[in-house]
Amino acid sequence: MNPLGELWVYLSREPLAALTATLCAWWVALRVQRWCGSHPLANPVLLAVALLAGALLLAGIAYRDYFAGAQFVHFLLGPATVALAVPLARQWAAVRARPLAILAAVGTGSLAAILSGLALGWGFGGGAGLMASLAPRATTAPVAMGVSEALGGLPSLTAVIVICCGVVGAALGPLLLTLLGVRDMRARGLALGTASHGIGTARALSVDAEAGAFSALAMGLNALGTALLLPLLWRWLAG
Amino acid sequence: MIGGLAALLLCQLAGELLARALHLPVPGPVIGMGLLLATLLLGGRVPEGIGTAADGLLAHLGLLFIPAGVGVVLHLDLLAAGAWPIGLAILGGTLLALGLTGLVAQRLLGRR
């Protein structure tokens with residue numbers, strides 16, 4: 001075998017190349033985001049995924065081989081989900097002050113997100129796999145992927161959809177809320193966090209600290225609520 | 001920091017074990033989040049190590065989605081075939097949920 005071939009075999013066997021490529025793509029994406037003045041449409045997750053997916057397709061590398069290395073980054077989604085308890089605990093005083101109002105608002109939005117996903121997937125004859133991939137899309141990716149997998153959906157398809165929902169909400173959400181006359185920063189934050197999880201929360205934080213806090217709270221509550229209730233709702237709808 | 005990371009992993013492990021032992025439909029890490037939240041609220045404060053570990057992980061939350069997101073290469077034909085329902089669910093569904101949450105929240109929170 002020629003030396004170049006040996007090098008290729010080494011690179012495709014060790015996780016090093018996939019990990020390096022993932023981190024480099026993320027770094028480049030963050031730089032691009034900064035060049036674009038943190039424009040919400042220049043979402044770093046979307047950019048990095050596009051870069052890596054393009055590279056895999058061009059080089060003819062199988063996704064399974066890439067994931068064998070990148071799974072070490074993927075693994076951290078689990079502890080990151082657990083870590084969402086920390087911002088939630090920090091804002092617990094605000095939750096305790098108006099628990100019912102917050103729960104009702106987040107619950108309404110969460111249910112609207114789930115049902116619109118199910119209805120559209122069903123209406124277009126997408127089948128159970130597509131519906132299961134669409135239903136949890138408003139929640140933060142680690143939870144959405146876990147729920148999607150538990151329902152028989154495609155976690156990687158859900159991840160892409162979740163990211164797109166975050167970008168749409170972060171880019172168009174503030175404009176829509178202004179048009180609807182929602183000026184209360186707490187309400188704006190809850191809306192962004194419920195519909196657009198972490199990407200919406202990042203956007204809310206960049207505008208107003210209070211909106212950011214309520215957005216993180218809504219993201220956590222929506223994640224917990226969807227994870228607890230969607231599998232039961234799914235079983236009930238299927239049964 | 002290491003203690004904090006260990007605490008996060010312990011909660012996740014406990015969550016996974018509970019989910020499997022009791023056949024719960026909820027992902028293990030979410031049960032772990034619930035366990036950690038209950039512990040933090042009982043303790044009355046967030047210990048510094050756990051706070052540092054959590055902030056570090058959450059600061060680059062986006063990075064962690066990338067390996068799964070690249071999986072889009074496996075579903076390009078599915079995405080092309082279902083472009084309309086998927087696109088509508090993303091655009092329409094997200095804006096519907098966003099607007100509804102905002103309106104309900106503003107109405108219920110009222111003036112302070």
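**Domains and helix packing in the predicted model**

Chain B is divided into domain 1 (1–59) and domain 2 (68–112), with domain bounds taken from an automatic or database domain assignment. The model is predicted, with local features requiring pLDDT of at least 70, side-chain atom pairs counting only at pLDDT 80 or more, and totals for chains, interfaces and linings using all residues. Residues are numbered from 1 along each chain as its sequence is written, while chains are lettered from A and ligands numbered from 1 in the order in which they are written. The centres of the two domains of chain B, taken over C-alpha atoms, are 28 Å apart.

In chain A, the assignment gives domain 1 (3–74) and domain 2 (82–238). Their centres, taken over C-alpha atoms, are separated by 27 Å. The contact between them takes 6 residues from domain 1 of chain A and 7 residues from domain 2 of chain A, where contact requires C-beta atoms, placed from the backbone, to lie within 7 Å. On the side of domain 1 of chain A that touches domain 2 of chain A, 4 residues are nonpolar, 2 are polar and none is charged (Ala, Val, Leu, Ile, Met, Phe, Trp, Tyr, Cys and Pro count as nonpolar, Asp, Glu, Lys and Arg as charged, and the others, Gly among them, as polar).

Helix 1 (residues 2–21) of chain B packs against helix 2 (residues 28–43) of chain B at an angle of about 120°, with the axes 7 Å apart. Helices are DSSP runs (H or I, at least four residues), numbered from the N terminus; axes are lines fitted to C-alpha atoms over the stretch in contact, and angles run from 0 to 180 degrees between N-to-C directions. Helix 1 of chain B is therefore oblique to helix 2 of chain B (angles under 35 degrees count as roughly parallel, over 145 as roughly antiparallel, 65 to 115 as roughly perpendicular and the rest as oblique). Residues making this contact include B:C11, B:L18 and B:A19 of helix 1 of chain B and B:I31, B:L35 and B:L36 of helix 2 of chain B. The residues of the contact comprise 8 nonpolar, 4 polar and 1 charged.

Definitions and conventions
Helices (H or I, at least four residues) and strands (E, at least two) are DSSP runs, numbered from the N terminus. Two residues are in contact if their C-beta atoms, placed from the backbone, lie within 7 Å.
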